[in-house]
Amino acid sequence: FWGAGLTATGLTDAGACPHLTDVRHRWNRCQSRSQRMRSHIKTTQGIRFMSTQGNEQAVQDWIRKAVANNDVVLFMKGTKSMPQCGFSHQVAQILNHLGVDYRDVNVLDDMGIREGIKQFSNWPTIPQLYIKGEFVGGCDIVREMFQEGELQQMLSDKGIAHETATA
């Protein structure tokens, strides 16, 4: 159907077109660089972590340390300065509105962390907010707590500095 040397995209296959061969070479080079980088330690917003794909215990240990070593941690898609999900954006916006100093962990940087946080909390969705080591919840819970003043009260009870802003 596609004709000799053509693919579904209408482009010729790599054997018939030197440009596609070059693209595949760059893709393969990029893939191998990506694989090498996965084995190195990464830094996300000042938190060091080792890419943990395939090592569930290392993931759980890293998450446990991140939660224990930071008063407020938000596991989110994207960063607090550039959320990449509407739900993550809402929680980050609430914390920013309250002036809370929090650590953001971009789960999109590492699939091991992305899946591991779900196992750690036994909660299926992201974002996930932790305050003083306690899992608070995801977007809907955090938003409702904020609207009712419960989040502000929890922050006060746990000694977390914040502004007394309301919804």
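Q: Which residues of helix 5 are buried?
A: In this predicted model, they are Cys139, Val142, Met145 and Phe146. The label goes to residues with under 20% relative accessible area.

Q: Where does the chain take a positive phi just after helix 5?
A: At Gly149, with a phi of about 85°.

Q: What about helix 6, which of its residues are buried?
A: Helix 6 covers residues 150–157, and Leu151, Gln152, Met154 and Leu155 are the buried ones. Their arc around the axis is only 160°, which again means they lie on the same side of helix 6. They pack against helix 3 (86–97), strand 5 (128–131), strand 6 (134–137) and helix 5 (139–148). After helix 6 comes Gly159, with a positive phi near 75°.

Q: Why are helix 5 and helix 6 called roughly perpendicular?
A: Their axes cross at roughly 85° and come within 5 Å. The label covers angles from 65 to 115 degrees, so helix 5 and helix 6 are roughly perpendicular to each other. Helix 5 brings Val142, Met145, Phe146 and Glu148 to the contact, while helix 6 brings Glu150, Leu151, Gln152 and Met154. Sorted by type, the residues of that contact are five nonpolar, one polar and two charged.

Q: What makes helix 2 roughly perpendicular to helix 4?
A: Here the axes of helix 2 (residues 56–68) and helix 4 (residues 111–121) cross at roughly 70°, coming within 9 Å. With 65 to 115 degrees as the range for the label, helix 2 is therefore roughly perpendicular to helix 4. Glu56, Val59, Gln60, Trp62, Ile63, Arg64 and Val67 make the contact from helix 2, and Gly112, Ile113, Gly116, Ile117, Gln119 and Phe120 make it from helix 4. That contact divides into seven nonpolar, four polar and two charged residues.

Q: How do you know that Val136 counts as buried?
A: Its relative accessibility is 11%, and the cut-off for buried is under 20%, so Val136 counts as buried. You'll find Val136 in strand 6. Leaving out residues up to four places away in sequence, Val136 touches Leu129, Ile131, Ile141, Val142, Met145 and Met154. Val136 and Leu151 are 15 residues apart in sequence, with their C-alpha atoms 9.0 Å apart in space.

Q: Why does Trp123 count as partly exposed?
A: Buried stops at 20% and exposed starts over 50%, with partly exposed in between. Trp123 has 28% relative accessibility, so it counts as partly exposed. Trp123 belongs to the loop between helix 4 and strand 5. Setting aside residues up to four places away in sequence, Trp123 touches Lys118, Gln128, Phe135, Gly138 and Ile141.

Q: Is Lys132 buried, partly exposed or exposed?
A: With 41% relative accessibility, Lys132 falls between the cut-offs of 20% and 50%, so it counts as partly exposed. Lys132 lies in the loop between strand 5 and strand 6, and its phi, near 50°, is also positive in a residue other than glycine.

Q: Which residues does a cis peptide bond join?
A: Ile126 and Pro127, with omega about 20°. Pro127 is in the loop between helix 4 and strand 5.

How values were computed:
Residues are numbered from 1 along each chain as its sequence is written. This is a predicted model: local features need pLDDT of at least 70, side-chain atom pairs count only at pLDDT 80 or more; totals for chains, interfaces and linings use all residues. Side-chain values use heavy atoms; hydrogens and water are left out. Buried means under 20% relative accessible area, exposed over 50%, partly exposed in between (1.4 Å probe, protein chains only). Helices (H or I, at least four residues) and strands (E, at least two) are DSSP runs, numbered from the N terminus. The arc is that of the directions from the helix axis to the C-beta atoms. Contact means heavy atoms within 4.5 Å. Axes are lines fitted to C-alpha atoms, for helices over the stretch in contact, and angles run from 0 to 180 degrees between N-to-C directions. Angles under 35 degrees count as roughly parallel, over 145 as roughly antiparallel, 65 to 115 as roughly perpendicular and the rest as oblique. Ala, Val, Leu, Ile, Met, Phe, Trp, Tyr, Cys and Pro count as nonpolar, Asp, Glu, Lys and Arg as charged, and the others, Gly among them, as polar.
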